[in-house]
Structures are given as structure tokens and as C-alpha cells.
Amino acid sequence: MKTIFTLLLAIPAFVGLRAQAILNEVYAFPGGSRNEFYEFFNNGNAPVSMDNYTIVTYFEEGAKKGFFVVDVPNLTVAPRGFFVGSSAIPFNYQGVSNATTSQYSWNNLAFMAANSAYLRRWELANNIPAAIDGNANYDLATIPANYNDIFQKIGGGGATYNVFVYKNGVLLSIFLGGTGGATFIPDYIVTLPTLHIDMAGAAPDFNINFSTYGTARTEYVIQDIGSDNGYIRLRDGYCGTWTKSSSQVNHTPGITNGGDATIPDPTVSVQSAVVRGNAVSGSTYNYDVVGADAMEFPVTLYVYLDNGSVEGELDVNDVLIDTKVENTLTDGPFSTIFFPYDENILIQTVTSAGCIDNLRFIPNTGVLPVKFTGFQAFANTNGTELKWYVAENEWSKKYEVEQSADGRNFQTTATVLPSEKTGNEMYHFKNTAASSKIFYRIKLIDNSNKVSYSNTLAVGNNAQTSGMLSITQNPVESYLNFQVNAAQNTQATINIYNASGVKVHTQNTTLAIGRNSVTVNVDGRMYTGVYVLEVKSSFGQSTVKFMKR
């Protein structure tokens, strides 16, 4: 028996790996003469050995309860490939007979033994001493030949499936399916005693302490699969895409369910940029997680050169150049130098659940343009005050303050030279008081003599009321620009929600009395679709819809 280690964390640990197999399909309720199967997807561009993977499923049969344990065979899944296990080979499933896309059958005992694998059934009991079977609270039970029900439907509050996936004894993911409405591990599992797993071959043995699983991160579908069906991811390996399969969304063991071209709304926000260099020094890629719920951590970031066969999609020819793990939001930022210097970049984000949160394409466009990220204009007893905020300040040449009486014909009233600060910068300008409304904007000239303008704001003696939230340009591309009134100086919170009501971005800002122009960088934080912008302050909240393209 190999060395045993026990997980003692209050919440089960998850791991981030260079390449990882992710549970992708479960055909849990076959009808007629059809066969159960499961599928894994390799999310990276390196081969993955399945030798150290373990699948554990919960069962109840009358008064008997316990777990099926599948020690997965010592086989390899190709990069961006699929690994299928089934109850027979060939096997049948919804609409298909005699399929041969399975790598093994868990009922082929000779094959399992020859490849360091097994299927075992542990029943909650203590009739066999632990010195014999290795478990003080479970007994090893006989499994019938050609067994076709390792994914069992549990009754009670609703039909439920409970599937746990481990690698090297560390919990990778949990999937729950059924009409019970469970989004967390049910009490009937959390209250069970520790189960010892004695792995075959060189894989390490481990103990599963179910009492620590009450707050574990899960993936789930709150729907019963009915008859002759199961659960699948709509996008291979992607978080938040599990769904009940149906006649319209059929199982496809060994075949893609959908790739990187269409991906769900991310829950992890990543800020990144390429600083283009030359053939000798290379280019630098800077990246960092800037927003995510605590449950998403640790977050693993995989950085690839996008030199594969399809631009913007991860394939086997893309080259992994860096991997980093952020255990908290304060980790990072990170940088990596890469060659060739003119390649584009792909960054893949994997959450604590072991699934892909998003894949972003980062074009290598050379020098980043100076960007306005905010503009404020307001009047007080001392005159008019202007504040503007920029990113990539080091590439600016000068700023010109322009004003107009009608909002159409502008004249330069002052020139402001850039500071020596790199990255983000704020500029402050004061003008004499105005007795009537005056329009202001900032003209930016960068080092390449390219000209761009801020939004136009009006300032006068009339007091502004709070609210009046409006988006300057809709649809939105890389930057969301909006204007909002404030009756006095105040702190505000900016929230953005997707069409499902999930918050995808939040940040704080300061609003000055009068009309405020605010810019939010949404590049890489959200994908095409409808969103809701919410601005909350001491005066209340305002919302408006916008389209991201």
C-alpha cells in the first residue's frame, strides 16, 4: 500500500495544471439497451495522462448507500482531445449504435487490471475489518458483470446525480445534476465518514473527508434528465455551460460540443497588454486578474503564442509560454518576454472549479494608443475645474483644453504638457468662472501626431440634479463611456450586469458636482451581448442598458 495523505483544508483544494482533463459529458440515464458513458476534454495543447484521475459517484439502493470509485486507466488524451469511458465497447447511446469512440470499458476487468485501473463499489458498513479492505466505515461490495449504473439517480427531494473528480487525490471538480435544486453538496453526503481510496499503480492513495465539502465549489444543472439522457457542456471545458441534453442537444462522445468561437460571459476580469519590442529584445506581455469572486480562486492563467492554424482559437500548434496562479486578487501582475516579437497572444483563464472561464485574443498591434478613461467638468465659487484621466500617458505629446459657447465651434483656451508618469495619469485644469453655460472638451495629440477628443461637457451656474445617466456611444466596443449628473461631490459604485443578471464588473469612482463623464475599460471583460450599467451613490441609483460588440 502506498503512502496515504489526507486533505485537511476546510474547503477542498483545487489545482491548476499545465494541461488538464475536464469532465465534459455524463450519459447517466441510458434507456433500453444503451450504455452509460462519460467524457473528459483536454483543455491544453499538451497530452494528459489519465493515470492519476479518479471518478467518485454516490449511490443509494434501498437501505444501502455508498460510492462507486473509478480509478481511470493509464491512458493518454491528446491535446484538445477527448477521453471517453463507457460500460461496453462498442457502446450504444441516444440515436447511435455500436459506437467505437470510447477508450475503454470499465467492465473489461482484464484491460482495467493491465492498465492500473479498476471499478469498485464501497457500501457504508463495517462488516469487513479495515485491515483487510482499507476502510473502517465502508465495505468492498461485489459489482455485477456488465454493470451499467455507476451514475445513479438519487430520490428524495428530487432526482440528483453527484459526481466528484480527483487528480492525484486532489479534488478537481464537482458536478450535481437533478431537480432537487441543489447547488451545493447535500447533507446526506457531507455527513458520511471518510472514504479511503487505494489507487492502483503509481498513483497516490488518498482519503476523502466529506465533512469538509459543505462549502465546496460545484457545477450544477437544476433539471432532471428524464429518460435516455444526461448532461453536457455546450462549450468544451467551459464553466457555466452545463445543460440537460435533449433531442436538440444530443450527446457527442469523442466529438466537440462547441469550441472557442462562441464563449459564455466570463466571471473573471483580466487586464492585459502587449508592449511590442523588436526581433532582438522580444516583446513583453503584461497580465493580471483585476476582478473575480472569491470562490473563483485560485485562478490559473495560461499564456500562448497564437501561431496555430486558426487565429483567435487555441489549438495544438499554439505554444504555451507562461503559466501563473493567482490565489487572491492581490497576486500579480505578471510579465513574460516572448519571441517572435510580432506574434499575437492567447490567454486562457481556468477557475477553481477546473473549467475554462474564458479565452482572450490579444492582438500584437505595437505601441498602445493613449486613451481617455474619464473626464469631469464642474463649476464652483473659484471658477470652472476640469479633470481628465488617461491610460498609456507616456505616449502623449500634449493636451489642449477647448471651449465653446454653442457646443459646435471650439477654440483652444490652454495647452497642458504631459507629465513623465507612465501608465495611468490624471490632469487638473482651472478656468475663470462663467456666467453662462460653456462647453468643454480635451484635445489629445499623441507622439505619432494622432488627434483624439474627450467627451464634451457643459458647465454653467445652474445647479445639476443627480441621475440623468446616459451612454455616449452605444453599441460599445473596448471602452464604455457614459455621463451622469451629481448634485454634489460624492463617491459612487459602477456595476455592470449581463443579461442573466450576473455581475461581471464593479469599480468605485468619485463624482464631482455637475455633469461627469466616466470611461470603463471593458476590453477582455465581457463579450458580445446586452448588459445593464448601474451607477449607485448616496443619491440613489440609475441604470441603463447597452450593447457590447
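Which residue in β3 is the bridge partner of A21?

Analyst: That would be N42: it is the residue in β3 that bridges to A21. Bear in mind that this is a predicted model. The bridge belongs to the pairing of β2 (residues 21-29) with β3 (residues 37-42), which is antiparallel and runs over six bridges. As a reminder, strands in a sheet pair through backbone hydrogen bonds, in either a parallel or an antiparallel sense.

Now for the wider setting. The protein chain has three helices and 42 strands, and 51% of its 549 residues are buried. If you take contacts between residues at least 6 apart in sequence, 62% of them join residues at least 24 apart. The chain exposes about 23,300 Å², with carbon and sulfur atoms supplying 50% of that.

Another strand to look at is β23 (residues 299-305). Seven of its seven residues are buried, so β23 is largely enclosed by the rest of the structure. The cover is on both faces: V299, L301, V303 and L305 are buried on one side, and T300, Y302 and Y304 on the other. β23 pairs antiparallel with β24 (residues 319-326) over seven bridges, and V303 has D322 as its bridge partner there.

Seven bridges tie β29 to β32 (residues 425-431), and the two run antiparallel. In this pairing, E385 stands opposite K430 of β32.

The whole structure holds 30 aromatic pairs. One of them is W388 with Y427, stacked at 5.7 Å centre to centre with 15 degrees between the planes. That pair links distant parts of the chain, since W388 is in β29 and Y427 is in β32, 39 residues apart. W388 has a relative accessible area of 0%, so it counts as buried. Y427 is at 6%, and it is buried because the cut-off is under 20%.

Elsewhere, Y58, F67, Y138, F164, Y188, F210 and Y213 make up one aromatic cluster. Charges get in on the ring contacts as well: R120 lies over the face of Y118, 3.7 Å from the ring centre, and R441 has its charged end over the ring of F410, at 4.0 Å from the centre.

Last stop, a loop residue. T191 is found in the loop between α3 (187-190) and β16 (195-197). With 63% relative accessibility, T191 counts as exposed, because the cut-off for that is over 50%. Its side chain reaches the backbone oxygen of D187 at 2.8 Å. The C-alpha atoms of T191 and S211 are 6.0 Å apart, although 20 residues separate the two along the chain.

Key. Residues are numbered from 1 along each chain as its sequence is written. This is a predicted model: local features need pLDDT of at least 70, side-chain atom pairs count only at pLDDT 80 or more; totals for chains, interfaces and linings use all residues. Side-chain values use heavy atoms; hydrogens and water are left out. Two strands pair if DSSP finds at least two bridges between them. Helices (H or I, at least four residues) and strands (E, at least two) are DSSP runs, numbered from the N terminus. Buried means under 20% relative accessible area, exposed over 50%, partly exposed in between (1.4 Å probe, protein chains only). A polar contact is a pair of N or O atoms within 3.5 Å; within protein, one must be able to donate a hydrogen and the other to accept it, and residues adjacent in sequence count only if both atoms are side-chain atoms. Rings of Phe, Tyr and Trp (its six-membered ring) pair if their centres lie within 6.5 Å; planes under 30 degrees apart count as stacked, over 60 as edge-to-face and the rest as tilted. A charge sits over a ring if NZ of Lys or CZ of Arg is within 6 Å of the ring centre and within 35 degrees of the ring normal. Contact means heavy atoms within 4.5 Å. Accessible areas come from the Shrake-Rupley method with a 1.4 Å probe; for residues, only the protein chains shown count as cover.
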